[in-house]
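Subject: Structure handover and notes

Dear colleague,

I am passing on the structure below, followed by notes on what was found in it. Please read them with the coordinates open beside you.

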Amino acid sequence: MKNFSRNGATAQRSSAISFVAPWRRCGRNLLLATLVLVSLSTAHAQSDPTKPGSHSTRVRPSMSAESKALLEDAIGVVCTQAKLDPNSSIAIDEMQARPSLPVTSPDARAGAERAQRLLPVAKSLIISSLRQLAGEYGFQKSPTFQVKLRLAIARVSDVRRVRPDMEARDNASVYLSRPHVITFGTIFLAGLRSDEGMISVLAHELMHVADGDNDSLRPLVSAVGNKASDLTGLDIHGQRSEEITCDLIGAMAVRAYIVSTPDYESIARRLARSIQHNCVELDEGDEDHLSPRNTIRAILALNPGLVRELINDRF
Ligand SMILES: [Zn+2]
């Protein structure tokens, strides 16, 4: 059983998970069960150093001073757009401070309709992004992993519905008892004011679905976490590596969406929406999550193409 969290930077809320058995929960609620899982996951990751994507024999990647400076500039673009863009995503610390929003409120309704409309698109995008990521990390040559990938894609394909939930506030979750449904807090639905922002969170949740309740994609997830750790110097292992992989897949999905739906808005503005809910004032992480601003840092470190596009297309 897993309890995962995504959103909210400070409070230790647990009411939203007490009445159901959550499978995946994305918020910042720190749960005992998750702590146990982190240690299990880490042990598993360390027990199989010969799989593709293992970093046991490779040269550790690093970033030049120039790349680090460009990355920080790109973060500046993302968080400046958060202030300039009328459809920017609300920062998660700001979402968390808001009062609960009824399912029937216009903003929650609009968000729910957006999420349901984009769910088929997000499913398709996450499947292609997942295949791309697996290829980039060398897993296309592993027959075992390819079987796991097919099963993961089947799980994603089975997701059918977004369910708005006032109690879930600024969280999104997939529950073991209802794997075909993404439960979405109404504050979160209303706070993601663009298709790009919504797709990034849908893709994040769908990546958890893909991984399943047995961590079936753990070799890939660990490889991503190890690379992110090397590049940033941050501790990104265990559950943190899964969360950052979900975020990375979310950003990849949004980039693919932008390519397939060109419009008059700048690419930088649209790309920024995939990660700018992390432009918080109160920058706190926990055992399972990097802090929001370090989350942006790790996503951009893993995907230098995003850095280039954010910098080059900022105006
Ligand atoms: Zn998550």
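Helices (H or I, at least four residues) and strands (E, at least two) are taken here as DSSP runs, numbered from the N terminus. On that basis the protein has 12 helices and 4 strands. Please bear in mind that this is a predicted model, in which local features need pLDDT of at least 70 and side-chain atom pairs count only at pLDDT 80 or more, while totals for chains, interfaces and linings use all residues. Residues are numbered from 1 along each chain as its sequence is written, and side-chain values use heavy atoms, with hydrogens and water left out.

Of the 315 residues, 56% count as buried, where buried means under 20% relative accessible area, exposed over 50%, and partly exposed in between (1.4 Å probe, protein chains only). The protein exposes about 12,900 Å², of which carbon and sulfur atoms supply 55%; these areas come from the Shrake-Rupley method with a 1.4 Å probe, and for residues only the protein chains shown count as cover. Taking contact to mean heavy atoms within 4.5 Å, 72% of the contacts between residues at least 6 apart in sequence join residues at least 24 apart.

A search of the whole structure finds 1 disulfide, defined as a pair of cysteine sulfur atoms within 2.5 Å. Cys79 and Cys279 form this bond, with their sulfur atoms 2.0 Å apart, and the torsion about the S-S bond is about -85°, so the disulfide is left-handed. The pair links distant parts of the chain, 200 residues apart, with Cys79 in helix H2 (residues 65-84) and Cys279 in the loop between helix H10 (267-272) and H11. Cys79 counts as buried at 8% relative accessibility, and Cys279 is likewise buried, at 10%. Another cysteine, Cys246, is buried at 1% relative accessibility.

The loop between H10 and H11 also holds Arg273, which is buried at 2% relative accessibility. Leaving aside its neighbours within four places in sequence, Arg273 is in contact with Asp85, Asn87, Ser89, Ser194, Glu196, Gly197 and Glu265.

Helix H11 (residues 292-302) packs against helix H8 (residues 218-232) at an angle of about 100°, with their axes 9 Å apart. The axes are lines fitted to C-alpha atoms, for helices over the stretch in contact, and the angles run from 0 to 180 degrees between N-to-C directions. Angles under 35 degrees count as roughly parallel, over 145 as roughly antiparallel, 65 to 115 as roughly perpendicular and the rest as oblique, and H8 and H11 are therefore roughly perpendicular to each other. In this packing, Val224, Lys227, Ala228, Leu231 and Thr232 of H8 meet Arg297, Ala298, Ala301 and Leu302 of H11.

Two backbone positions deserve a look, given that most residues other than glycine have a negative phi. Arg169, in the loop between strand S2 (161-165) and S3, has a positive phi near 50° and is buried, with a relative accessible area of 13%. Asp215, in the loop between helix H7 (195-211) and H8, also has a positive phi, of about 50°, and is buried at 12%.

Best regards
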